[in-house]
Every structure is written in structure tokens, then in C-alpha cells.
Amino acid sequence: MSSPAPPPPAGPPPVGPPGLPTRLWARCLLGGLALWLLAVLTTVTTQNTNLLPTLILLGSFLVPGCYVLWACERHGGELGIGLLLGCFVVGGVLGVLGASVLEYYLLYPSATLFLGVGLIEEAVKGLALVLLVRRHRGIRGVRAGLVLGAAVGFGFAAFESSGYAFNALFTVRGTISLRGLVETEVLRGLLAPFGHGLWTALLGAALLGARRDGRFHLTGRVWATYLGVAVLHALWDAMNGIAVWLVYRLTATGADRTLFEYGYLPRPTDRQKHLYTLFSDGGLLLVALAGVVWLLWCAREARRPG
């Protein structure tokens, strides 16, 4: 009598919830991009303004929404799809509303304006994450913080981008600029992974990494991370002004320098235009690179045992 066949070796447990298709996020990204391009073409062809909300929402939520699908696929079984969606939607809305109120009452035009924006927006996103996770006492650690923090950040970015796209739709003359809308959505979609999602992921890693017994502790590392991501945020927002200032400090002479010091921008030369592009794009690249390196270091820490 032959002995029964040995059971097959157990593989690694699935990280996502059962029944969720694998690589759904990639298919949604490609399919969503195709739908967005079709919406642009249809709007241009028909001049139907009823399609503008579709265009704005699809373009603003495409990249952030695909991140949430990826997170549900990879970490939904561990963190819960409900919590991930809550961080994305509720956290994003709370962050946008909180930042709008605080910036309205606390900020005014000054040399530290962008630093104030960074401090406020990173604080409200961090607070939104804490409020949403506080009842889930077992969720802690750097990896959970990276995933959930990014969900809050991408939610913030999606709602903020829809506002920027709406504003870009109208010119100073009151006419509609479909080109401005499309350019804004393309630019913010490409930069989305290097902005709010990345910064709040870093802050979430510090917050949940310092969580003990269900309680959050504002350690020195948490404060240092908060200040660090606020500075990255401020540099990102201020890079246009920094590039202009550097160009005129390095190239302006005589009357042009005097006009610039009084707040006027003389007509730029071809050399100044090239330098501005170099400084602005290069500066954004350096800020993004610093954030990515920081994120990779946190991800490496999250994989360490214990």
C-alpha cells in the first residue's frame, strides 16, 4: 500500500485581501490614462463644457488612486482596506480643509511664507493620520507608517490637484483655457509621487515607528522628521522664486539689478531663461532626490527584523 503523497510546501501568506486581482493598480493606471486622453480629445472636439468635471477628477485622482490600489493589493490584508481608503479620502479632505483654514488665518506675504505652508500642511496631514489610526492600537511600525502616511498624502494631493486644475481652467480675461487645465494635470500627475505622498509617508513612518502600546510619542526623531519634510515642502514650493533670485543675483547688472531689488522683473535675456530653467528644474530634482533617498532609507529600516 503506497503512502499518501506529502502535502505541497506552504508558500508565503498572501499580503493582500483574498479575491483582489494582482497588479490591478497597473491596469487601472494604463486604462485610466487612456480614458483621460479620450476625455481630452472628446472635450477638444466637441467643446462640451459638461465634460470638464470628468476631466478634472479623472486627471487629479488617477495617480493617487492607483497608489491606493497598490497599497490594498500589497498591504490590505495586514492594514485593512477600510483604513487605507479612510486615510486616502478622509485624511485627504481633513488635510486640505485644515491647511486652508490655518493658512488663511496665520500666513501673510513674507520671506518665510513657504516655510509656513510646509509646517502647516505637514502638521495637518500628520494629525489626520493620528486621528484615523488612533483606534487601531495594534497598527504600528515604520512600514505601516510609510503606507498609511502615503495614503493620506496622496489623498491630500488628489484633492489639492483638482483645485489647481480648476483654477488653471480660467484665464485672467475670464475665458476658458483647456490647455492650462491639461498642462496642470499632466505636471501634477508626474510630480505626485515626489510631493505630498512622499513627505507624509516619511512623517507617518516616524509617527508609527515611535508608537508604543497604542499611544503616539512625540520623540526627537518625530520632531526632526516633521521639520525635515516641512523644509523639503517649502523648498519645493519656493523653487520658482529661488531660481529667479539666483538668476538675477548672478547675471543682472546696473539698472536691471536696481529694478529687481524693488520687486520688478526686467525682460529676461536668452541666457537668463536658460539659467532659470536649469535652476528651477535642477532644484526640484535635488529636492525630489533627497526625499527619495530618505524614503529608501526608511524602507530599508522597515525590513530589518525586530
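Author: Please note that this is a predicted model. The protein has an average pLDDT of 87, and 87% of the residues score at least 70.

Reader: Where does pLDDT stay under 50?

Author: That is the case over residues 5-14. For this stretch the model has zero contacts beyond four places in sequence.

Reader: Let us turn to the rings. How many aromatic pairs are there in the whole structure?

Author: A search finds eight aromatic pairs. One of them joins tyrosine 67 and tryptophan 70 in a tilted arrangement, with 5.7 Å centre to centre and 35 degrees between the planes.

Reader: How many residues apart are tyrosine 67 and tryptophan 70 in helix H2?

Author: They are three residues apart in helix H2 (residues 52-79), so about one helical turn separates them. Tyrosine 67 counts as buried because its relative accessibility is 14%, whereas tryptophan 70, at 27%, counts as partly exposed.

Reader: Which other pair could we look at?

Author: Tyrosine 104 and tyrosine 105 form an edge-to-face pair, with 5.0 Å centre to centre and 90 degrees between the planes. Tyrosine 104 and tyrosine 105 are both exposed.

Reader: Which residues do ring pairs link into a cluster?

Author: The cluster consists of Phe61, Phe88 and Phe159.

Reader: And which charged end sits over the ring of phenylalanine 156?

Author: It is that of lysine 125, which lies 5.3 Å from the centre of the ring.

Reader: A change of topic: at what angle do helix H7 and helix H10 pack?

Author: Helix H7 (residues 196-209) and helix H10 (residues 270-302) pack at about 35 degrees, and their axes are 10 Å apart. The crossing of H7 and H10 is left-handed.

Reader: Which residues make the contact?

Author: H7 contributes Leu198, Ala201 and Leu202. From H10 come Gly291, Val292, Trp294, Leu295 and Cys298.

Reader: One last topic, the backbone. What is phi of glutamine 47?

Author: Phi of glutamine 47 is near 55 degrees, a positive value in a residue that is not glycine. Most residues other than glycine have a negative phi. Glutamine 47 is in the loop between helix H1 (24-46) and H2, and counts as exposed because its relative accessibility is 60%.

Reader: And where does aspartate 213 lie?

Author: Aspartate 213 is in the loop between H7 and helix H8 (220-251). Aspartate 213 also has a positive phi, of about 55 degrees, and is exposed, with a relative accessible area of 70%.

Definitions and conventions
Residues numbered from 1 in each chain as written. Predicted model: local features only at pLDDT ≥ 70, side-chain atom pairs only at ≥ 80, totals over all residues. Heavy atoms only, no water. Phe/Tyr/Trp six-rings, centres within 6.5 Å; stacked < 30°, edge-to-face > 60°. Helix = DSSP H or I, 4+ residues; strand = E, 2+ residues; numbered from the N terminus. Buried < 20%, exposed > 50% of the residue type's maximum accessible area, 1.4 Å probe, protein only. Lys NZ or Arg CZ within 6 Å of the ring centre and 35° of its normal. pLDDT = per-residue confidence, 0-100. Contact = heavy atoms within 4.5 Å. Axes fitted to C-alpha atoms, helices over the stretch in contact; angles between N-to-C directions. Left-handed = near helix turned anticlockwise from the far one by under 90°.
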